[in-house]
Amino acid sequence: MDRPPRPWQNAPVNAIPQGTLSTRTSMIKSDKWIRRMCREHRMIEPFAEKQVRDGTISYGVSSYGYDLRIADEFKIFTNINSTRVDPKNFDAKSFVDFKGDVCIVPPNSFALGRSVEYFRIPRDVMTICLGKSSYARCGQILNVTPLEPEWEGHVTLEISNTTPLPAMIYANEGIAQVLFLGSDEVCEISYKDKKGKYQDQRGITLPRL
């Protein structure tokens, strides 16, 4: 049996009542919003107002996101110490530090990097970060947790090489896209309020308890 339409389903957008699932007050942020927030509130520094493509893996503003770059400093995982990987007690000696234009990630291993950009996330925004297809199609998978309201810092990036061959990562070029999701109301407690352990992080940050 068909249900009768809800009052707002066929209504114009400006007539939809507040408090319903269709208010459209929670949405993904556009390129215009991203540019404004960066100009007026330094949300991303340094900031590329247009998408840069020529001869590089693209970075900068897209229609509904921002493609961040990976910096030229890396920590490459090695099992030379034959130790266990413990997120509660991570051994920094499990990494080899590398600085350069191209990082080679060993087969079936991973490396840590960090964004060129420093982010300052607004209090009413949450972001998700997705790896670029140029790397994903080569078996390089990127993982970044959401950037929470009022978090700020360099983004630590984890790049897994899922192939049996060495993989190349190009510094100062695009690596991932950040999507900014606006909430319909401001949160009670932000990441800054709760003094999150990764607040104000600079450079590549290892696991903290």
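User: Before we start, what counts as partly exposed here, in relative accessible area?
Analyst: Buried means under 20% relative accessible area, exposed means over 50%, and partly exposed lies in between. R123, with a relative accessible area of 26%, is therefore partly exposed. Keep in mind that this is a predicted model.

User: Good. Which residue does R123 pair with in a salt bridge?
Analyst: D193. The closest N and O atoms are 2.6 Å apart.

User: What about the salt bridge of E148?
Analyst: E148 meets K194, at 3.5 Å from N to O. E148 lies in the loop between β10 and β11, while K194 is in the segment after β13. E148 is partly exposed at 27% relative accessibility, and K194 is partly exposed at 47%.

User: D67 and K132: buried or exposed?
Analyst: Both fall under the 20% limit for buried. D67 has a relative accessible area of 4%, and K132 has 12%. They form a salt bridge, with the closest N and O atoms 2.7 Å apart. D67 is in strand β4 and K132 is in the loop between β9 and α2, 65 residues apart.

User: How many salt bridges does the structure hold?
Analyst: Twelve. R42, E45 and R120 are linked in a network of them.

User: New topic. Which residues make the nonpolar surface patch?
Analyst: I28, Y64, M126, I128, L130 and L181. The patch covers about 480 Å². Strand β9 gives the most, with three residues. M126 is in that strand, and is partly exposed at 33% relative accessible area.

User: What volume does the largest pocket have?
Analyst: About 650 Å³. Its lining has 23 residues, and the closest to the centre are N143, T145, T156, Y198 and T205.

User: Which strand supplies the largest share of the lining?
Analyst: β11, with four residues. β8 and β11 each supply at least two.

User: And the overall fold, how many helices and strands?
Analyst: Two helices and 13 strands. Of the 209 residues, 43% are buried. Among contacts with a separation of 6 or more, 73% join residues 24 or more positions apart.

Note on methods
Residues are numbered from 1 along each chain as its sequence is written. This is a predicted model: local features need pLDDT of at least 70, side-chain atom pairs count only at pLDDT 80 or more; totals for chains, interfaces and linings use all residues. Side-chain values use heavy atoms; hydrogens and water are left out. Buried means under 20% relative accessible area, exposed over 50%, partly exposed in between (1.4 Å probe, protein chains only). Contact means heavy atoms within 4.5 Å. Patches are made of residues with over 30% relative accessible area and no salt bridge: like charges are joined within 9 Å, nonpolar side chains (Val, Leu, Ile, Met, Phe, Trp, Tyr) within 5 Å. Accessible areas come from the Shrake-Rupley method with a 1.4 Å probe; for residues, only the protein chains shown count as cover. A salt bridge is a side-chain nitrogen of Lys or Arg within 4 Å of a carboxyl oxygen of Asp or Glu. On a 1 Å grid over the protein atoms alone, a cavity is a set of points where a 1.4 Å probe fits but cannot get out, and a pocket is an open set with protein on both sides within 12 Å along at least five of seven lines; lining residues have an atom within 4 Å of a point. Grid points are joined across faces, edges and corners, and a volume is the space filled by probe spheres set on the points.
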